[in-house]
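Have the sequence and the model open side by side as you read.

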Amino acid sequence: VQRGRHHQRNPLSMNTCHALALTLCLSAAGCDSKSADSEAQLDTDTTDNSDDDGGVDDPPTAWDLTPGLNVFSISQAIDGSTVDREVLVSVPEDLSEALPALFAFHGGDGDNDEWVGSFEVMIDAGAFIGVYPQGHDGFWALGPEPSNADDVAFVEAIVSALTPSEMVDPDRLYGIGYSNGAGMVHRLGIE
């Protein structure tokens, strides 16, 4: 940094660094990971999600993934009402083998499409499939957030809908997040 000049940080670079730093810490803390990737691997132990206390009403059938950006929804009981929650899934055009899936969780008061452009170059190159879930009312329920959704059940339902696809390697599911979304990745890593 030169004297007399203000150094401006690129907020996108800092946000990305913070999210990657958190997931690196999670990986180092013992999250099950089968590769040296810097993202935390999601724990996808499935449980019965058909209860009335925030579980998924009817676990979704396997999604028919096509190249490009796919839009799906999962119905979930939240606070006594059934809510459709959106999930965007980005699949590369040329797919010759099953790929890992990278779940990207937006920050608080955010939207699932915030991450879409961030990974398109890597997705187009066939590095992984991008999965962008939407937090209920823009948040992941970790405690003080204004959401009572069972987000773990929501992610488990997404995994159930994705993994039957021959395009997704069920042994390589990873998560990255920013702010409230990073907290969600942490929660998934420990539960």
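## Strand 5 and its partners

In strand 5, phenylalanine 103 finds its bridge partner in valine 131. That bridge belongs to a parallel pairing, in which three bridges join strand 4 to strand 5; strands count as paired if DSSP finds at least two bridges between them. Strand 3 is joined to strand 5 as well, by four bridges, and here the two run antiparallel. Leucine 88, for its part, has tyrosine 132 of strand 5 as its bridge partner.

How many residues of strand 5 are buried? Five of the five are, so strand 5 is largely enclosed by the rest of the structure. Buried means under 20% relative accessible area, exposed means over 50%, and partly exposed is what lies in between, using a 1.4 Å probe on protein chains only. In a regular strand, side chains alternate between the two faces of the sheet. Ile129, Val131 and Pro133 point one way from strand 5, while Gly130 and Tyr132 point the other way.

## About the model

This is a predicted model, in which local features need pLDDT of at least 70 and side-chain atom pairs count only at pLDDT 80 or more, while totals for chains, interfaces and linings use all residues. Residues are numbered from 1 along each chain as its sequence is written, and side-chain values use heavy atoms, leaving out hydrogens and water.

The protein chain has four helices and six strands, in the order α-β-β-β-β-α-β-α-β-α along the sequence. Of its 191 residues, 45% count as buried. Take the contacts (heavy atoms within 4.5 Å) between residues at least 6 apart in sequence: 68% of them join residues at least 24 apart.

## The hairpin

Strand 2 and strand 3 pair antiparallel over 11 bridges. Alanine 77 sits opposite threonine 82 of strand 3. Two residues lie between the strands of this hairpin, and aspartate 79 takes a positive phi near 55° there.

Tryptophan 63 is worth a click: leaving aside neighbours within four places in sequence, its contacts are Phe72, Ile74, Val87, Val89, Ile158, Ala161, Leu162 and Ser165.

## Helix 3 against helix 4

Helix 3 (residues 151-162) packs on helix 4 (residues 180-190) at about 75°, with axes 11 Å apart. The axes are lines fitted to C-alpha atoms over the stretch in contact, and angles run from 0 to 180 degrees between N-to-C directions. That makes the two helices roughly perpendicular, the label for 65 to 115 degrees; under 35 is roughly parallel, over 145 roughly antiparallel, and the rest oblique. Asp151, Val152 and Val155 of helix 3 meet Met184, Arg187 and Leu188 of helix 4.

Aspartate 151 lies in helix 3 and is buried, with a relative accessible area of 0%. Not counting residues up to four places away in sequence, aspartate 151 touches Arg85, Phe139, Trp140, Ala141 and Met184.

## Loops and a buried glycine

Aspartate 109 is in the loop between strand 4 and helix 2 and is exposed at 61% relative accessibility. Aspartate 137 is in the loop between strand 5 and helix 3, exposed at 55%.

Glycine 177 lies in strand 6 and counts as buried at 0% relative accessibility. Its C-alpha atom is 9.3 Å from that of tryptophan 115, 62 residues apart along the chain.
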